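Let's take a friendly walk through this model, looking at its charged contacts and then at its open space. Have the structure open beside you as you read.

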Amino acid sequence: MKKLILIFLLISSCFLYAATGSFQCENYSLSVKYNEILVPGDAVFVRMNFTQNTKQKKNLKAPEKNAILKLYNGKKVVETATFYSLGKTKKSINDMLCGIPLSPWLTEGDYSLKIIFDDGTETMEFNLPVKFQNREWNTEVIELDEANTAIKTDSSPARTSQINTLNEILETTILSDVYSLKRWTPPTDSTRYTAYYGDRRTYKYTNGKSSTSLHYGNDYGIPTGSDVAACADGKVVMAENRISTGWSVVIEHLPGLYSLYYHMDSLSVKEGEMVKAGDLIGKSGATGLATGPHLHWEVRLNMCAVRPEFFLEDFTFSE
C-alpha cells in the first residue's frame, strides 16, 4: 500500500472552511476539498476530483470502486464510508464525494481522516489533517401528559415494526442515488425554534418515572396547517402516519443522506415521488408524541442524526 503526501491550503467557503489538497501521479492528478474542522453533531464531507495528465494519450478510467473514507481517533476507526461517483465533467475524468457523520457524543481526541483507493494498479492511501472544536448543548425537562406518556412508553409490536421499518430505510445506502449537490433550504420560513438538535432531554411521565434521550432534530414552533417544504431535491422514501412521529415524510437526497419531517397534520406527497427543493410536502401539525403544534426537522447521514444547519451551507463544495 502506497502512502501519499498532499499539499494543503485553506480557503473560505461561507460558513464551512474547505481545506484543499493535490497529488500528482503518473497518469492523473487528484485534488481534494473537505471541511477540516470536526464539530460534534456535524459531518465531514470530502470531494475528490481526478483529471488525466496531458501527457497521457490513453483515455483512463479513474477509481470508481473501493474508494473509502475513514475517521480515526488515534489508531481506532470511528467511522467508515464509501465514496460515490458524481460522474465526469469537462475537466475531470471522475468526481467523487463521501460524507461521514460526527456523533454528538464526540469528545476531544487525536483525530485524522484517511482516504484509501485503488487506481487500478495499486492501492494508495493518504491522511487528511483535521482539527477538533467542541460544542455546548442545551438541556431541558419535558413533562408528558397521559397520552404522550403512553406513546413514549409504547412497546407494542406495531410501534416496534414502525421503528424497524424506518431504520431499514435509514441504513440503506445506494451509491447511484445522487439527487442534489446544492446547499439545502429550511423546510419553513419560520425562525421560531422551540427545541434544537442535540438537546439533552429528560422526559417525566405521569406515573412518576422518567427517561433521558437526545433530541435528533430542530423543532419549529409553527401553527397547525403551516406549509412544510422539501429542503432539497430527492426521492420520497416514506410518507405515512406513525405512532410516535405522527404524519411523517422521509426524503433521500444522496447515498445514505436523508431528511425527515415529523408531526405533520397532512401530507402532500406519496412514497416513490420525486421532489424538488421548496416543493410542498405537507402541512404542519401536532400528531404523534407532541406537546403542541410544531415541525420536527431531522437529518440522518449513514444512520446517525446530524445537525440540520450543517447542510444549509455548501457542504458538497459545488459552488
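A network of salt bridges links D42, R135, R307 and E309. Please keep in mind that this is a predicted model. In total, the structure holds 13 salt bridges.

| Pair | Closest N and O atoms |
|---|---|
| E313 and R183 | 3.8 Å |
| R201 and D219 | 3.3 Å |
| R300 and E298 | 2.7 Å |

Start with E313, which forms a salt bridge with R183. E313 lies in the segment after β26 (304-306) and R183 in the loop between α2 and β15, so this pair ties together parts that are 130 residues apart in sequence. R183, at 28% relative accessibility, counts as partly exposed.

Next comes R201, whose salt-bridge partner is D219. Since R201 sits in strand β16 and D219 in strand β18 (residues 217-220), the pair ties together parts that are 18 residues apart in sequence. Both R201 and D219 are buried.

The last pair in the table joins R300 to E298. R300 is buried, with a relative accessible area of 11%, and E298 is buried too, at 3%.

Now for the open space. Rolling a probe the size of a water molecule over the atoms shows where empty space is left. The largest pocket holds about 840 Å³ of space. Which residues come closest to its centre? Of the 33 residues that line this pocket, they are R201, Y203, H215, H263 and H296.

Several elements give two or more residues to the lining: β14 (139-143), α2 (157-170), β15 (193-195), β16 (200-204), β17 (210-214), β22 (257-267) and β25 (295-301). Which element provides the largest share? That is α2, with 4 residues.

Key: Residues numbered from 1 in each chain as written. Predicted model: local features only at pLDDT ≥ 70, side-chain atom pairs only at ≥ 80, totals over all residues. Heavy atoms only, no water. 1 Å grid on protein atoms, 1.4 Å probe; cavity = no way out; pocket = protein on both sides within 12 Å on 5 of 7 lines; lining within 4 Å. Points joined across faces, edges and corners; volume = space filled by probe spheres on them. Salt bridge = Lys/Arg side-chain N within 4 Å of Asp/Glu carboxyl O. Buried < 20%, exposed > 50% of the residue type's maximum accessible area, 1.4 Å probe, protein only.
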